[in-house]
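Work through the exercises below with the sequence and the model at hand. Each task is followed by a solution in steps.

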Amino acid sequence: MDPEAARTARESLDLAFHMSNILDTGLDRHTLSVLIALCDLGLNPESLSAVVKELRTEPPPPSSATPTTSAAPSFLP
């Protein structure tokens with residue numbers, strides 16, 4: 001990508017991110033960038049919006065973090 005095109009793309013993303021913040025969408029810059037790229041590829045913006053809303057309403061998956069209690073077998077010291 002030539003430097004001028006990169007600058008224009010960055011400025012466009014900055015503007016979209018600023019608007020996103022004003023509208024209090026809760027989207028971070030990376031997520032917004034991915035959504036814009038998907039729209040550029042031809043995905044329907046209303047469908048993407050519905051997916052984002054649905055993902056926000058789903059409960060988070062169970063944590064795969066290790067429990068705070070020891071999981072060592074009882075025969076180990």
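Predicted model: local features only at pLDDT ≥ 70, side-chain atom pairs only at ≥ 80, totals over all residues.

**Exercise 1.** Describe the largest pocket: its volume, its lining and the helices that supply the lining.

Solution. 
- Step 1: The volume of the largest pocket is about 260 Å³.
- Step 2: The lining consists of Thr25, Leu27, Leu32, Leu35, Ile36, Cys39, Pro45, Leu48, Ser49, Val52, Lys53 and Arg56. Ile36 of Exercise 1 is one of these residues.
- Step 3: Sorted by type, the lining residues are eight nonpolar, two polar and two charged.
- Step 4: Helices α2 and α3 (45-57) each contribute at least two residues to the lining. Helix α3 gives the most, with six residues.

**Exercise 2.** How many salt bridges does a search of the whole structure find? Identify those that involve Arg7 and state where the partners lie.

Solution. 
- Step 1: The search finds three salt bridges.
- Step 2: Arg7 forms one with Glu4, at 2.4 Å from N to O. Both residues are in helix α1 (residues 3-22), three residues apart, or about one turn of the helix.
- Step 3: Arg7 also forms a salt bridge with Glu11, where the closest N and O atoms are 2.5 Å apart. Glu11 and Arg7 are four residues apart in helix α1, so about one helical turn separates them.
- Step 4: Glu4, Arg7 and Glu11 are therefore linked in a network of salt bridges.
- Step 5: Check the accessibility of the members. Arg7, at 34% relative accessibility, is partly exposed. Glu4 is partly exposed with a relative accessible area of 43%, and Glu11 is partly exposed with 43%.

**Exercise 3.** Which residues does the salt bridge of Asp14 join, and in which helices do they lie?

Solution. 
- Step 1: The side chain of Asp14 meets that of Arg29 in a salt bridge of 2.6 Å, N to O.
- Step 2: This pair links distant parts of the chain, with Asp14 in helix α1 and Arg29 in helix α2 (residues 29-40), 15 residues apart.
- Step 3: Asp14 has a relative accessible area of 36% and is partly exposed. Arg29 is likewise partly exposed, at 35% relative accessibility.

**Exercise 4.** Summarise the fold elements and the surface of the protein chain.

Solution. 
- Step 1: The secondary structure comprises three helices and zero strands. Read from the N terminus, the order of elements is α-α-α.
- Step 2: Of the 77 residues in the protein chain, 10% are buried.
- Step 3: The chain exposes about 6,600 Å², of which carbon and sulfur atoms supply 63%.

Key: Residues numbered from 1 in each chain as written. Heavy atoms only, no water. Salt bridge = Lys/Arg side-chain N within 4 Å of Asp/Glu carboxyl O. Buried < 20%, exposed > 50% of the residue type's maximum accessible area, 1.4 Å probe, protein only. Areas by Shrake-Rupley, 256 points an atom, 1.4 Å probe, with all protein chains shown as cover. 1 Å grid on protein atoms, 1.4 Å probe; cavity = no way out; pocket = protein on both sides within 12 Å on 5 of 7 lines; lining within 4 Å. Points joined across faces, edges and corners; volume = space filled by probe spheres on them. Nonpolar A, V, L, I, M, F, W, Y, C, P; charged D, E, K, R; others polar.
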